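Subject: The structure I promised you

Hi,

Here is the structure I said I would pass on. Have a look at it, and then read my notes below.

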Amino acid sequence: MIESPTIKNSTAASPAANTARVAGLGAVDITAAKLWFMASGYVLEVTLTNLMAAEHYGLYKVVISIISIVNAVVITGTYQTVSKYISENEQNAGAVKSKALKLQVLVGGAIAAGFFLLAPVIAGRLNDLRLVSYLRLAALIPLSYSFYSVFTGYFNGQRRFLTQAALDVTYSTLKLVLIVGLVWAGFGVSGAVGGFAIAAACVCLIAASIARGGEPGGAVRVRDLFTFQVYLLAFIFVFNLLQRVDLLLVKALSSPDAVIASENAGYYGAALNVSNIVYQVIISVTFVLFPLVSKSTFVEDSRRTKVYISTTIRYALIVMALLATLFSANAREVLKLIYRADYQAGASALAIVAYGMLLFGFLQVATTIISASGRPRVSLMIAGVTLAVSAGLNAVLIPSRGLAGAATATTAAMLLGAVIASGYLLWRFGALVQWLSVVRIGTAAALVYAGSLAVPAGSRVLILTKLGVLFLAYVAMLVLSREIGKDDLAMARKVFK
């Protein structure tokens with residue numbers, strides 16, 4: 001992700017240092033915001049499991065999983081479109097913002113209206129007509145997101161990562177307070193979904209206030225924005241459906257009894273909450289990576305693009321391999337640490353799907369690079385193939401193997417997608433990650449897995465202690481194997497200097 005520290009000549013050193021500083025500070029800012037997003041999100045989830053019955057929590061998780069697909073489509077597709085055109089020429093920032101906002105009246109309005117009208121169809125497919133009213137209430141969320149995403153793209157394209165991070169923190173806090181407050185007040189699932197909608201509207205208004213101004217003129221055509229955005233919207237829709245299709249099929253196929261199916265969705269949703277940490281910790285990388293790759297490919301700087309690709313993937317794998325291994329090898333203990341005892345029904349699923357989310361995180365980084373280089377159609381095709389395989393395998397395995405079947409199907413499909421994406425990156429850019437790094441990281445993770453099984457832990461204090469010791473052991477093994485070396489420390493000093 002950051003320029004190579006081996007550059008010696010003075011001409012190259014200044015841009016490299018500046019790239020490291022901007023990318024590093026951006027990563028720190030957005031990572032801090034995403035950590036708060038994750039922390040507040042898990043406080044929210046744990047609180048809701050105590051305030052709501054498992055059946056109602058399952059209904060809420062299904063509704064939010066569906067709306068999250070739409071939200072991710074709207075916000076990621078739109079912000080990346082705006083970010084790309086601004087990062088290539090920041091003088092057009094005002095024009096891009098102005099024309100993108102006008103475009104969202106059509107795009108966001110159509111998505112929200114379509115979601116509202118299709119609510120009965122979706123609820124029918126999921127075998128529970130109680131979902132209709134909740135889904136229609138949730139239709140207000142993508143309408144706010146469609147405009148909010150323009151402002152996040154406006155800040156991202158100008159590399160104003162701190163402003164973007166501050167908005168993320170504000171939104172996460174509002175969502176936590178409003179959802180918990182309304183559920184605690186007795187509004188149930190409607191209160192949870194309504195709190196989500198109010199938080200989205202509030203942060204949109206705040207972002208609009210901060211982004212005021214900017215010259216609206218410039219050589220930017222709405223047609224160009226729309227064409228690029230359409231491919232991104234389709235890709236993000238498929239990609240986020242890929243992330244959630246297993247949960248939806250658990251609700252639809254795990255039991256003919258709507259109540260039991262909702263409980264299964266709640267248990268599987270809890271396992272996904274934990275496994276999603278694996279890729280969420282590196283999500284900030286994609287926010288910083290997108291404008292950097294967009295710029296480097298636009299000016300045809302292949303050397304810099306290769307550095308971004310290989311360095312980003314290597315660091316992402318180091319982090320994700322540790323988390324996936326800890327969650328998989330200690331699935332029952334981790335669920336015990338967070339949830340009530342009955343949620344350990346999802347332990348077998350967590351043990352498998354933790355690695356599925358590692359592969360999903362890799363796929364997310366790879367497709368971010370591909371889309372930023374101006375080829376969202378390729379990302380769409382990769383995601384489409386992976387989704388089709390995941391849906392097919394889930395439909396076969398859930399009725400026979402339950403939650404573990406869903407986890408197995410998802411992980412197998414993610415592996416296929418990761419292989420395809422890797423092949424494309426090697427073919428198109430000639431860059432990925434060194435095999436020696438993969439071997440070192442894999443060996444360290446395998447030893448952590450073995451250590452986890454060899455030392456069981458009962459109480460919460462012992463579980464936390466065990467996880468901490470394993471974390472330190474993993475880092476030590478990477479240092480001893482020289483996977484983490486002087487260059488990495490020099491890179492860290494450059495970032496934080």
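Predicted model: local features only at pLDDT ≥ 70, side-chain atom pairs only at ≥ 80, totals over all residues.

First, a term you'll need: a residue is buried under 20% relative accessible area, exposed over 50% and partly exposed in between, using a 1.4 Å probe and counting protein chains only. Thr-325 is found in helix α11, residues 302-329. Helices (H or I, at least four residues) and strands (E, at least two) are DSSP runs, numbered from the N terminus. What does Thr-325 touch, leaving aside its neighbours within four places in sequence? Thr-325 is in contact (heavy atoms within 4.5 Å) with Asn-330, Tyr-355, Ala-445, Val-448 and Tyr-449.

Residues are numbered from 1 along each chain as its sequence is written, and side-chain values use heavy atoms, with hydrogens and water left out.

Now the overall picture. The protein has 17 helices and zero strands. Of its 497 residues, 56% count as buried. Among contacts with a separation of 6 or more, 82% are between residues 24 or more positions apart. The accessible surface (Shrake-Rupley method, 1.4 Å probe; for residues, only the protein chains shown count as cover) comes to about 19,700 Å², and 68% of that belongs to carbon and sulfur atoms.

Next, find helix α14, which covers residues 376-429. It has 54 residues, yet its end C-alpha atoms are only 15 Å apart, short of the 80 Å that a straight helix would reach at 1.5 Å a residue. (That expected span is 1.5 Å times one less than the number of residues.) Where does α14 bend? Look at Arg-401, where the bend is about 150°; the bend is the angle between axes fitted to the seven residues ending there and the seven starting there. After α14 comes Gly-430, with a positive phi near 65°.

On to charges. Side chains of opposite charge can pair when their charged atoms come close. How many salt bridges does a search of the whole structure find? It finds eight, a salt bridge being a side-chain nitrogen of Lys or Arg within 4 Å of a carboxyl oxygen of Asp or Glu. In one of them, Arg-130 meets Glu-55 at 2.5 Å, N to O. That pair links distant parts of the chain, 75 residues apart: Arg-130 sits in the loop between α3 (93-125) and α4 (131-138), and Glu-55 in helix α2, residues 54-88. Arg-130 also forms a salt bridge with Asp-128, the closest N and O atoms being 2.7 Å apart. Arg-130 is partly exposed at 34%, whereas Asp-128 is buried at 6%. Glu-55, Asp-128, Arg-130 and Lys-251 are linked in a network of salt bridges. Elsewhere, Asp-342 and Arg-340 pair up at 3.3 Å, N to O.

Last, the cysteines. A disulfide is a covalent bond between the sulfur atoms of two cysteines. The cut-off used here is a pair of cysteine sulfur atoms within 2.5 Å, and the search of the whole structure finds zero. Cys-202 is partly exposed at 30%, while Cys-204 is buried at 11%.

Cheers

Definitions and conventions. Expected span 1.5 Å × (residues − 1).
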